[in-house]
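Open the model in your viewer and keep the selection tool ready. We will go stop by stop.

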Amino acid sequence: MASVDQSDSKIERSEAEWRELLGEERYRVLRKSGTEAPFSGELLDNKAAGDYVCGACGEPVFKSNTKFESGSGWPSFTAPVGKAVEEITDRSHGMTRTEVRCAKCEGHLGHVFPDGPGPTGLRYCINSASLGFEPKDSKE
Ligand code: FE
């Protein structure tokens with residue numbers, strides 16, 4: 001029997017497993033780098049305190065105290081949680097952008113742009129379909 005790896009190593013599943021686990025829309029966004037329609041996401045207007053977790057693997061990726069109203073139509077944050085995300089150059093669709101992925105499962109979360117508010121000046125533009133939300137009592 002294979003040993004169970006309890007370390008911080010990546011989560012890997014087959015595409016068929018992800019599709020089964022996530023359902024069509026989350027699979028399209030998280031595994032195929034899709035984008036949800038603006039102003040359509042469930043978490044866009046969420047103002048509760050808590051952790052935004054990767055919609056594929058459950059790893060906390062953003063905190064509510066970094067969320068801001070960008071007007072873009074997607075949940076927006078000024079900073080990710082620690083090393084929870086990876087940033088990768090994305091040259092698709094004739095643009096050069098920086099893609100944001102979950103470091104744990106490589107799920108596509110969204111993109112980061114250098115036009116956010118202080119203190120980072122960054123805008124992490126994240127699909128609601130790529131996220132889950134776990135409420136917490138206080139905004140730490
Ligand atoms: Fe993940």
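Is Y52 buried or exposed? Select Y52: this residue is buried, with a relative accessible area of 0%. Buried means under 20% relative accessible area, with a 1.4 Å probe and protein chains only; exposed means over 50%, and partly exposed lies in between.

A word on the model. It is predicted, so local features need pLDDT of at least 70 and side-chain atom pairs pLDDT 80 or more, while totals for chains, interfaces and linings use all residues. Residues are numbered from 1 along each chain as its sequence is written, and side-chain values use heavy atoms, leaving out hydrogens and water.

Y52 lies in strand 1 and F77 in strand 4, so the pair ties together parts 25 residues apart in sequence. Strands here are DSSP E runs of at least two residues, numbered from the N terminus.

With Y52 and F77 they form one aromatic cluster.

Move to the iron ion. Its protein donors (N, O or S atoms within 2.8 Å of the metal, or 3.2 Å for Na, K and Ca) are the SG atoms of C54, C57, C102 and C105, 2.3 Å away. C54 is in strand 1 and C102 in strand 6, 48 residues apart. Both C54 and C102 are buried.

Notes
Helices (H or I, at least four residues) and strands (E, at least two) are DSSP runs, numbered from the N terminus. Rings of Phe, Tyr and Trp (its six-membered ring) pair if their centres lie within 6.5 Å; planes under 30 degrees apart count as stacked, over 60 as edge-to-face and the rest as tilted.
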